[in-house]
Amino acid sequence: MMNNLSAVLSGAVAMASFATTLFFVKFWRQTSDVFFLLFALAFAIDTVSRAALGLTETSNELEPVFYLLRLAMFALIIIAITLKNRLR
Amino acid sequence: MVSSFIYGLCAATSAVCAGMLLAAYRLERYRLLLWSGLCFVGLTVNNVILLLDKIVLPDVDLSALRLFVALIAMTVLLYGLIWDTES
């Protein structure tokens, strides 16, 4: 059961993540650097997963599936930095 | 069993992200890397608390604490994006 405080915090984190996504999309459009696009994609995934987690009443069996999205987010960040380092 | 693996992997990969970003900042001194690195330090703490909440202490509800940590982490990155990047 999600209490009120957790629901508010959950929405706030999703919103912050969405705003961050927009910033990285802006940087990508300015520079055409794939690094920023991957970051934007990562934070977009985070926004979706946090909103989905906040909106659904998930069972303990189902909930870990939502965290696979979060795992994809971190994987994208690792790929972005690795690509950037290899290009240099 | 599968869930503790996924939660553990989330914590591990976010820690790798934080380490890589902070290492890149040490080399390049590009401030956005610092803010991103600090954000991922917070997200790592968030995932470690998630692991504690779901696996180690299933009877205690730590959701408010871990979400608060995540919010601080994201706020740090947003602060950097708004104040510390050129146009």
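**Notebook: salt bridges, interface and cysteines**

Asp46(A) and Arg50(A) sit four residues apart in helix H2 of chain A, so about one helical turn separates them. I looked up their side chains and found a salt bridge, 3.1 Å from N to O. Both Asp46(A) and Arg50(A) are buried. I note here that the model is predicted.

**Other salt bridges**

I searched the whole structure and got five salt bridges over all chains. One of them pairs Lys84(A) with Asp33(A), at 2.6 Å from N to O. Lys84(A) is in helix H3 (residues 63-87) of chain A, while Asp33(A) is in the loop between helix H1 (4-31) and helix H2 (34-55), so this pair ties together parts 51 residues apart in sequence. I have Lys84(A) down as partly exposed, at 31% relative accessible area.

How many salt bridges are there between chain B and chain A? I count one. Its partners are Lys54(B) and Glu63(A), whose side chains meet at 2.5 Å, N to O. Lys54(B) belongs to helix H2 of chain B and Glu63(A) to helix H3 of chain A, so the pair joins two chains. Lys54(B) is partly exposed, with 23% relative accessible area, whereas Glu63(A) is buried at 11%.

**The interface**

Next I looked at the contact as a whole. It takes 37 residues from chain B and 34 residues from chain A. The two chains bury about 3,000 Å² between them, and 76% of this is on carbon and sulfur atoms.

The elements giving two or more residues to the side of chain B that touches chain A are helix H1 (2-28), helix H2 (31-56) and helix H3 (63-83) of chain B. By class, I list that side as 24 nonpolar, nine polar and four charged residues.

For Cys10(B), the nearest cysteine sulfur is that of Cys17(B), 10 Å away, and Cys10(B) is in no disulfide. Cys10(B) is buried, with a relative accessible area of 0%.

Definitions and conventions. Residues numbered from 1 in each chain as written. Chains lettered and ligands numbered in written order. Predicted model: local features only at pLDDT ≥ 70, side-chain atom pairs only at ≥ 80, totals over all residues. Heavy atoms only, no water. Contact = heavy atoms within 4.5 Å. Buried area = accessible area lost by both parts, 1.4 Å probe. Salt bridge = Lys/Arg side-chain N within 4 Å of Asp/Glu carboxyl O. Nonpolar A, V, L, I, M, F, W, Y, C, P; charged D, E, K, R; others polar. Disulfide = S-S within 2.5 Å. Buried < 20%, exposed > 50% of the residue type's maximum accessible area, 1.4 Å probe, protein only.
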